[in-house]
Each structure stands twice: as C-alpha cells, then as structure tokens.
Amino acid sequence: MLDLLIENAKLAGHTQLQMIAVKGGTIVEVAPTIEAEAQTKIDADGSFITAPFIDSHFHLDSALSYGQPRINQSGTLLEGIELWGELKPTQTVEDFYARAMEFCLWSLARGTLGLRSHVDITDDKLLAVEALVAVREKMKPYMDIQLVAFPQDGFLRYENSRTNLLKALDMGVDVVGGIPHFERTMTDGAESVRQLCQIAADKGLLVDMHCDESDDAMSRHIETLASETVRLGMQGRVAGSHLTSMHSMDNYYVSKLMPLMAEADIQVIANPLINITLQGRHDTYPKRRGMTRVKELLEAGINVAFGHDCVMDPWYSFGSHDMLEVAGMGLHVGQMTGVEQTQSCFDAVTKNAAQTMQFTGYGLEVGCKADMVILDCQSAFDAIRLRPARLFVIRGGKVIAKTAKATPQVLIDDNVVDIDFMPSGLNR
Ligand code: FE2
C-alpha cells in the first residue's frame, strides 16, 4: 500500500502525463501508469508538478515588521538601516518568534519548503538567534531552515561580533555570514573575509556572505572570498550573496574574476527584487539595474540562485514570499527571456537554490524526498508568467497546504467565458 499516489501530473521532460508513487516519505516510482493501492490519491488533472521552491537568501528576524515602529517613508536603504536600529532594541524573543512563525506559514502556502535565513548577531543578547533556532526546530516537519550568523553592523566594525558569532554557532546556527563591504575600509573588508572563512573551515561549516552589495565597481571582496575558498579547500561550500558591484565592474576585470569564482565553485545568490529597488539610488539617468551578471555567471558554469531577501520589513515593504515573483523579476532585470534562460530563472528558485543549501534528495526522481508542489499551470514558463495557485503543497508525501483554483469569468454578449490565460490557438 502506497502512502500517496499522484495521477495525471505534468512533469518537465515528459510528453505523457505521469503518476508519482510515494512510500515512507520517498518517491518510489514515476511512470505513466502505476497499478497500486494508496492511502491518498491526488488527481493533478494535467497540472504542472515541481520540486518545492527554495529561498536561499532571507531575513526572518526582520520579516513582517512593516510599520514597526514606523514605515520607511523614503523607501531607501539608509532609512531602512535607521529603522532596523530603532526596531531591534524593542524586540523580545517572543516578538522575533511570532513574526518568523507567521512568515513560515506564508512560505508553506507558497510552496517554499527550504529557506536560508540570515540572523543578525550584532545584538549582544542574541535574542533573534534564540528565537530563530526555536523556529527552525518547530518547523522541521514542514520545511528545512538554515540559519546564517550575520554580523549586520560589521564583523570588525562591531566590537563584539566575533564573540557573538561564535556564541551563535554554539547555539546551533548553521552557516558563517559576513558583510565585508560594510567594514570601515577595503582592507578591513578583506580581513573580515579571511577571518570568517577560517572560522568556517575550522568548524567544517558553510559560508554565505552579503558580499559587495554596492554600486561601487571597486568593491571586489568576491575576489578575496573566492581565493580564500580555494586556499582553504572549501570549493562549493561558499556562497556570495548579492554581488551587485559586479554589475558595475570593468569587463576586463570580470573576465579574470569569473574563472576564479568558477575555480572556487562559488554559489552565487542574486536578490532581484531588492537589487532592482536598492541599487542605483545615487544614479541620475541612465540608472544602473544593479543586479549581478546572472546570465554570464551561468554561462561560466557557476551555480546561481535567486533569493527573496526581505518581505514587509524596514528595507522592503512588499511581497508575500512568492518565489515565482522573484524568478519573474530576475528574468526581467537580467533580460533572460530566452528559452533556456527562462528555465534558468525557474531553476534559480528551485534546484539551483537546493544545491546552494547542499540539500540531498531534492527532485522528482525515484529516491528523492516526496516534497512537491502542484501548480495551476502547465510548465515552468507559465509558472513564471502566471504565478499560479499552489493547488497542493506536499511534504514527505503529506499535503500541508492547498489553494483552490481561481478561474476568472467574463460576461460578454450574455455569455459567461472562463479565462485561463492560455491562448486557445496554442498547441500545448
Ligand atoms: Fe540580505
């Protein structure tokens, strides 16, 4: 007896509709026809099924704090930092926990079952760390959360950062973070990268730094991050988040930098919604887009994921944690409208992000974990185009979230016409 049998699902790479059999939380068979009894059956009715969305760059400690203690009136990064400075001392462990838990339910509703969250450790009481470690444990049956020890006010710039970071790691935080472009000088930035990578290497941990989140073409900490990665033998275990300065760098320099990044197998995480709104703010016209060179990095064989970064917090007032909104923005900002590029944008919020987080058993093949999302559309292309309902969100073979289909109806010439936003002349 199977635990779950999904029928009539549209899988990427298959022309025929497929059935997916689940037992013991694992996918045990994928085939056009499966003859077996199952405790639960789901008829996907031709809808597209995918492995879950993964957000590899987020901040749970600030999420959903919109309006507390006030709204960011200018919408700028600087006012956002000011606001966070006002909000942080007012927050209790319970406040951090409640907002993060509420947010995680939004994630589940959107089919996001993997999340890497940075947590600010430049607070000597480490209240957010305490809260988010508890959230990670509470949510374990539903989603996989990784926490990054993030020295928001600078690793060398904030005097207690090292002590706090080591303490946060002892409390169970998974990944070593950093913010080299925010240190006092370029030299300090490079030194912070060296010290933080050494801590991670000594403890056998992954690294994920906010790196070069700047329009300054001379912000080149990614070079140090990549060379330290090679020196310490940490290839594939180090992520560079944002890397927006690469947008503005000289092409000749980038032609030397990208092979070094490939050699270090740096995991790149762009944050399209945030990059397009926060970068280029000092420009008049033309205004730079600010997002890193996604297309070129992918062409160089470097893994690129997209993160949401923020939802309704001091830096970004918008969002509902829909990773398809992120993929769509990445596609537009990066001008990635080609067929393979569109698929790459979908991968950036699914399998590429799973690789960045070093998940095992991710995918829809036999032997993978039975984590899946059935979307009210036919393909990854339409998922990005329509941002459709997550009809079923499945974790370990169990349905943990549902959204009903919403079909708009148009009344015209006394007729009711159902609208599915698919051209009737298109051969599916
Ligand atoms: Fe961030």
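User: Why is the arrangement of the four donor atoms around the iron ion classed as irregular?

Analyst: In this predicted model, the four donor atoms subtend angles of 86 to 179° at the iron ion, and the arrangement is therefore irregular. For a tetrahedral label, all angles would have to lie between 85 and 135 degrees. The site may also look incomplete, as water is not among the atoms.

User: Which protein atoms are the donors of the iron ion, and how far from it do they lie?

Analyst: The donors are NE2 of H57, NE2 of H59, NE2 of H210 and OD of D309, at 2.1 to 2.4 Å from the iron ion. Along the sequence, these residues follow the spacing H-x1-H-x150-H-x98-D. H210 and D309 link distant parts of the chain, being 99 residues apart. H210 belongs to strand β10 (residues 206–211), whereas D309 sits in the loop between β13 (304–306) and α11 (323–333).

User: Are H210 and D309 buried or exposed?

Analyst: Buried means under 20% relative accessible area. H210 has a relative accessibility of 3% and therefore counts as buried; D309, also at 3%, counts as buried for that reason.

User: How does one describe the packing of two helices?

Analyst: Two packed helices are described by the angle between their axes and by the distance between those axes. Here, helix α2 (residues 93–109) packs against helix α3 (residues 127–139) at about 35°, with the axes 8 Å apart. The crossing of α2 past α3 is right-handed.

User: Which residues of α2 and α3 meet?

Analyst: From α2 come V93, F96, Y97, A100, M101, C104 and L108. They meet L127, A128, E130, A131, L132, A134, V135, K138 and M139 of α3. By class, this contact holds 14 nonpolar residues, no polar ones and two charged ones. An α-helix has 3.6 residues a turn, so residues three or four places apart point the same way.

User: Which residues of helix α6 are buried, and what covers them?

Analyst: In α6 (residues 221–231), the buried residues are H221, I222, T224, L225, A226, E228 and T229. Their cover includes α5, β10, β11 (238–242) and α8 (251–263). After α6 comes G233, with a positive phi near 65°.

User: Where does S192 lie, and what is it in contact with?

Analyst: S192 is part of helix α5 (residues 186–203). Because its relative accessibility is 0%, S192 counts as buried. Apart from neighbours within four places in sequence, S192 is in contact with F155, L156, P180 and E183.

Notes
Residues numbered from 1 in each chain as written. Predicted model: local features only at pLDDT ≥ 70, side-chain atom pairs only at ≥ 80, totals over all residues. Heavy atoms only, no water. Donors = N, O, S within 2.8 Å, 3.2 Å for Na, K, Ca; no water. Tetrahedral: all angles 85-135°; square planar, octahedral: opposite > 155°, others 65-115°. Helix = DSSP H or I, 4+ residues; strand = E, 2+ residues; numbered from the N terminus. Buried < 20%, exposed > 50% of the residue type's maximum accessible area, 1.4 Å probe, protein only. Axes fitted to C-alpha atoms, helices over the stretch in contact; angles between N-to-C directions. Left-handed = near helix turned anticlockwise from the far one by under 90°. Contact = heavy atoms within 4.5 Å. Nonpolar A, V, L, I, M, F, W, Y, C, P; charged D, E, K, R; others polar.
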